Amino acid sequence: MLDDCVPWPEDVADGYRARGIWRGETLGDLLRRWAAEYRDRTALIDAAGDRLSYSALDGWSDRLAAGFQAKGIAPGDRVLVQLPNRPEFVAVCFALFRLGAVPVFALPSFRSNEIGHLARLSGAQTYVIPDEFNGFDHRVLARDALKECPELERIVVAGDPGEFTALADVEAEPADLPGPQASDIAFFLLSGGTTALPKLIPRTHEGYAHQLEVTSEVCATTGDSVYLAVLPIEFNFPWGCPGVLGTLSRGGTAVFAETAHPETCFALVERHRVTITSIVPTIVHLWLSAVSDTRHDLSSLKLVQVSSAKLHPELASRIEPAFGAQLQQVYGMSEGMLTFTRLDDPPETVLETQGRPLSPADEIRVVDSAGREVPQGEVGELLARGPYTLRGYYRAREHNRIAFTADGFYRSGDLVRLTERGDVVVEGRIKDIISRGGNKISAPEVEEHLTAHPGVEQAAVVPAPDEILGERVHAYVVPASGSPAPRLPELRRLLRSRGLADHKLPDQVEAVDSLPMTGLNKVDKKVLIARVSDQRTG
Ligand code: AMP
C-alpha cells in the first residue's frame, strides 16, 4: 500500500472478503487466468484492424514488466501513462500491474499544465507517451515536462522515440516478479476536480476486479461480446464499466476507435460485428445525425451505454429506434460508485432514470445540506460508499476531510433523487465544474489561469447551456481598472500558452463591472449560471 492512501477499515475489508466480494486476485493474475482460458481468441483489435490474442497480450505484458523492472522501475513507483486507444495502453498497464508499479492515467489531450501537475503530485519518474497523436508531437511535451519536473527522468515512447527510449526496446525476457497484493493500488484515475487541480483517485486491484465482475454481469457480457472503445480509455467508463477490461474478463473482444467520428465508428461496428459500446450524450447527438445516411450495417449492435452527463429523455427515446440497440443509462464517477439501468427494466426506467447501484455491498444515501437523509423522492446530495468506491484521494489529507463523511461516505457533489423503485435520477450538482461534452472541467482551475492576464482583475467560469455539448465554458471577467476587456481569442491563446488542454478553454467571454457575491463573500455562481441561462432563453 502506498503512503498517503486511505485504506478501507479492516473490519469492512474483512467483511468484503468473507462475502466473496474481494477475492484476493490482482489484475495481473486476472489476465493470466483469462489467457489460460481464452488463449488464441482475439482480445484486442486496433483501429487499423490488427488483432492481438489473449496469449499474445499476456506474453507482451510479461516481457514489458521484466523490461520496466530492468530499467529501474520498482513496485510502488508511479508511472505517467498518456497513450491513445491502442493495444499498447493495455499491455503497458498490465505490465505495470504485474510489476506492482502504478500507472497514472493521463488523457491524450493533456498538455504541459496537466502533465506537470500530475508528475509532481504523483512523484512519477517515468512518463509513457505515443510519438504523435492527432497531429500533436508528444515528444515535445515530454521535453518540456523533463525541464519542469525534476523528479521525471525516463520517457518511453510507443513509436519513433527520438532521443528517448522506444517501448519496443523495453521488452525483456520474462522474469519472476514479487508482484503486488490484491489490496494494493493498481492505478490512479483522475478526479473531475472541484478544486483547481485534479486529484488522484486510487483504485485497488481487488476493488476494480469486483467492479469488472458486477458490470459484466449486468451487461450480460460473454465470449461473443465485441466492445467498441470510443471514449479515451483512460476514463473509467470505457476502461472498466465493463469496457475493455470487463469484456476481456468474459473472453470477448475489445475494438479500439481513435476518434468518435460517426462514419469511422460505424465502419468499425460493421467490420467487427460490434455488440456493445459506451458513449456520452454529445456523441449520441453526433451519431444520431449521421445514422440515417450511413451505408454501414449496424445490426450487430445490441447495447449502447450512455453516461457522463445528463441524457434527456427525449434524446434517450431516439436511441433504440435509430441504432436498433438497447439503451443502458449509466451514472457514476471515477471515484467509484456506479448505477446502471438493467437490461430487463421497463422502458420508462431506462429512458428517465440512471439506474441502481451494482454491487450487493454498494451503499448510497441522499442527504440535505446538513447531512440529514431526505425523504424518498426529494432531491439531495448523493453520498456513496462501497467495495470499489475510494476512501480518500492520494496525498490530499486536507481535502479528504471535506470530501468524505466521518463514516467514510464519498460526497459526490451531485444532486439526485431516488424513485420508488430505488433508481437514481440526477437532477443537478453542487460542485464547481463544467461538464463539456462529458469532459469535466474544474472552474477554479480555468479562473486561476484567466486572472494571469494583466487585464483581468477577477474571473468566474460557469456552465452555459449547449444543445450538443450539454454545457459550454462561459467566462465572466472583470477587467483591471483602466484596461480594455480582453477578447476571447486573446484569452484562449494565453491559456493555451500556459499549457492548458484545449477542451478547457472558454467558449465565450463576457466582461462585467463586478461579480455578484454571497453573504459569505464568495462569488455567487448560482446568480451567474441563471444569468447565462436566461441569455439563451431570453
Ligand atoms: P467522471 O468522474 O469524470 O466520470 O465524472 C463523474 C461525474 O459526471 C458525476 O459525479 C456526475 O456529475 C457526472 N455524471 C456521470 N454520469 C452521469 C449521468 N448519467 N447523468 C448526469 N451526470 C452524470
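## A guided tour of the predicted model

Select helix α8 to begin: twelve of its 14 residues are buried, so that this helix is mostly covered, where buried means under 20% relative accessible area, exposed means over 50% and partly exposed lies in between, all with a 1.4 Å probe and protein chains only. What you have open is a predicted model, in which local features need pLDDT of at least 70 and side-chain atom pairs count only at pLDDT 80 or more, while totals for chains, interfaces and linings use all residues. Residues are numbered from 1 along each chain as its sequence is written, and side-chain values use heavy atoms, with hydrogens and water left out.

**Helix α8 and its ends**

Helices (H or I, at least four residues) and strands (E, at least two) are DSSP runs, numbered from the N terminus. With α8 (residues 205-218) still selected, colour its buried residues, among them H205, Y208, L212, V214 and V218. At the start of α8, show the side chain of T204, one oxygen of which comes within 3.1 Å of the backbone nitrogen of G207. This is a polar contact, meaning a pair of N or O atoms within 3.5 Å; within protein, one must be able to donate a hydrogen and the other to accept it, and residues adjacent in sequence count only if both atoms are side-chain atoms. After α8 comes A220, which has a positive phi, near 55°.

**The ligand and its shell**

The ligand is surrounded by 14 residues, of which V330, S334, D414, K431 and K440 are the closest. Strand β16 (residues 326-332) gives the most to this shell, with three residues. Sorted by class, the shell holds five nonpolar, five polar and four charged residues; here Ala, Val, Leu, Ile, Met, Phe, Trp, Tyr, Cys and Pro count as nonpolar, Asp, Glu, Lys and Arg as charged, and the others, Gly among them, as polar.

Of the 500 Å² of accessible area that the ligand has on its own, the protein covers 90%, with areas from the Shrake-Rupley method and a 1.4 Å probe; for residues, only the protein chains shown count as cover.

Then select T339 in strand β17 (residues 338-340), which is buried at 1% relative accessibility; a polar atom of the T339 side chain lies 2.7 Å from the backbone oxygen of Q354.

Most residues other than glycine have a negative phi, and most peptide bonds are trans. Against that background, select the bond joining C241 and P242, which is cis with omega at about -10°; P242 sits in the loop between α9 (236-240) and α10 (243-249). R273, in the loop between α11 (262-272) and β14 (276-279), has a positive phi near 55° and is partly exposed, with a relative accessible area of 39%. N521, in the loop between β27 (508-511) and α18 (525-537), has a positive phi near 65° and is exposed at 62% relative accessible area.

**The annotated C-terminal domain**

Finally, select residues 445-521, where an unreviewed UniProt entry places the feature "domain: AMP-binding enzyme C-terminal"; UniProt positions are given in the numbering used here, feature names are shortened, and annotations may be inferred rather than shown by experiment. Over residues 445-521 the chain is 21% helix and 32% strand, with the end C-alpha atoms 19 Å apart.

Definitions and conventions: A residue is near a molecule or strand if one of its heavy atoms lies within 4 Å of it.
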